[in-house]
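This report looks at how the parts of one protein model are arranged and which side chains pair within it. Please keep the sequence and the model in view while reading.

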Amino acid sequence: MSLIAYLTRVHFADRVLEDALPEELSRLGLRHPLILTDIGNGESDGLDRLQDALAVTPEEPALLRVAASGDGTADLSRARALCAETGCDGIIGFGGMRALDLARLLADAQRPAITIPTQTQTIGLGPLSSHVVPAPGCRAVLPAAVLCDATLTLGADPDSTATAGMDALIHCLESFLGTAFNPPADGIALEGLRRCALHLEDAVRDGADITARRELLAVALNGGLAAEKGFGGIEAAAHGLETLSGARHGALHGALLGGMLSFNAPAVSDRFAVIRTALGLPARSDLAEELAALARRIGLPTRLSDIGIGADLLPAAARRAAADPANRTNPRLATARDYERIMRAAL
């Protein structure tokens, strides 16, 4: 069985795309969906597989390629206009976090979304993973179905795998550290951390390792399901910096996690021991140092200056971080001054 029914319908299996997509299209009654993708021409044969699976629809789907970065406002407007023009009855988000987030913002009760991740950092559940700026009154909804097919992630380059894997790890970490009482989410987050510790480095080392790919996709799934509790300050700071610098979201975590964990320690240091156990770390190890070492081993920078971020960006980025929804679920509410201090220490 590939179907998981928790929050929404999740199909999880190798090559599940070809079986599950026609099933979900029929269940939802979709005849003319709009495909939103942030995959560039020639990057993957996944779109060919998607088009083949969509051959069951009576009308040819519309396709809109969206930017993988930026605030998403222009792409959301373009997608709304294309929906009105073509009369599409559903949305398929296919690709990375930007495509999946835009699909969720565009969907509504009459026009459901199906998300199909091709990266191992997000599956389109929980808070928006990329810093998309919605229109007033616009909110993200849960997809009607998620298709998790590890074969769609095969062959990604080591750098993309490292940034995606670290992002998924941080989703699990910050969900577990959140102060809301949600034991099921805590268990899901810890299982995601355990899987990530076992398989992230293998996935970075060998892009064709289907076992490692499948496990990282499971980490992303766990992070999405646990995100019912919300994220935290590492995500908030990364959102603030990526919007202004153009740096890739997951590449920022290695530099930010040490300062943010130290800031949060007075509120949640008792939970660090549980995280160490999940990650297979020594009982007396420094959690921040161990995670920074992992980031270095998979080729991620551990200083913001290594990504080309200068001090001039920090005040504005810190204000964005303090206003980010992820800051509201951080164990300690951080001010813009707190975020700027943490960012400066990470330069």
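## Basis of the description

In what follows, contact means that heavy atoms lie within 4.5 Å. The model is predicted, so that local features need a pLDDT of at least 70 and side-chain atom pairs count only at pLDDT 80 or more, whereas totals for chains, interfaces and linings use all residues. Residues are numbered from 1 along each chain as its sequence is written, and side-chain values use heavy atoms, with hydrogens and water left out.

The protein chain is divided into domain 1 (3-153) and domain 2 (164-345), with bounds that come from an automatic or database domain assignment. The centres of the two domains, taken over C-alpha atoms, are separated by 25 Å. At the interface, 25 residues of domain 1 are in contact with 27 residues of domain 2. The two domains bury about 2200 Å² between them, 67% of it on carbon and sulfur atoms; buried area here is the accessible area (1.4 Å probe) that two parts lose on being put together, summed over both.

Between domain 1 and domain 2 the count is one salt bridge, a term that stands for a side-chain nitrogen of Lys or Arg within 4 Å of a carboxyl oxygen of Asp or Glu. The side chains of aspartate 14 and arginine 214 meet in a salt bridge, at 2.7 Å from N to O. On the side of domain 1 that touches domain 2, the elements giving two or more residues are β1 (3-6) and β2, where strands (E, at least two residues) and helices (H or I, at least four) are DSSP runs numbered from the N terminus. The residues of that side divide into 13 nonpolar, ten polar and two charged; in this grouping Ala, Val, Leu, Ile, Met, Phe, Trp, Tyr, Cys and Pro count as nonpolar, Asp, Glu, Lys and Arg as charged, and the others, Gly among them, as polar.

## Salt bridges

Side chains of opposite charge can pair when their charged atoms come close. By the rule used here, the count comes to 18 salt bridges. One of them joins aspartate 75 and arginine 78 at 2.7 Å, N to O, and both residues lie in helix α3 (residues 73-86), three residues apart, about one turn of the helix. Aspartate 75 counts as buried at 10% relative accessibility, whereas arginine 78 is partly exposed at 41%; buried means under 20% relative accessible area, exposed over 50%, and partly exposed in between (1.4 Å probe, protein chains only).

Another salt bridge is formed by the side chains of arginine 248 and aspartate 159, at 1.8 Å from N to O. Arginine 248 lies in the loop between α8 (233-245) and α9 (253-279) and aspartate 159 in helix α5 (residues 158-177), so the pair ties together parts that are 89 residues apart in sequence. Glutamate 215 and arginine 195 also meet in a salt bridge (2.6 Å, N to O); because glutamate 215 belongs to helix α7 (residues 210-226) and arginine 195 to helix α6 (residues 183-205), this pair ties together parts that are 20 residues apart in sequence. Glutamate 215 is buried, with a relative accessible area of 15%, while arginine 195 is partly exposed at 23%.

Leucine 225 has its place in helix α7 and counts as buried at 8% relative accessibility. Not counting residues up to four places away in sequence, leucine 225 touches Tyr6, Leu7, Leu125 and Ile188.

Asparagine 330 lies in the loop between α12 (325-328) and α13 (336-345) and is likewise buried, at 5% relative accessibility. Leaving aside neighbours within four places in sequence, asparagine 330 is in contact with several residues, including Glu174, Phe231, Met260 and Phe263. The side chain of asparagine 330 makes a polar contact with the side chain of asparagine 264 (2.8 Å), and a polar atom of the asparagine 330 side chain lies 2.8 Å from the backbone nitrogen of glycine 233. A polar contact is a pair of N or O atoms within 3.5 Å; within protein, one must be able to donate a hydrogen and the other to accept it, and residues adjacent in sequence count only if both atoms are side-chain atoms.

## A backbone feature

Most residues other than glycine have a negative phi. Arginine 15, although it is not a glycine, has a positive phi of about 55°. Arginine 15 lies in the loop between β2 (8-12) and α1 (17-28) and is partly exposed, with a relative accessible area of 45%.
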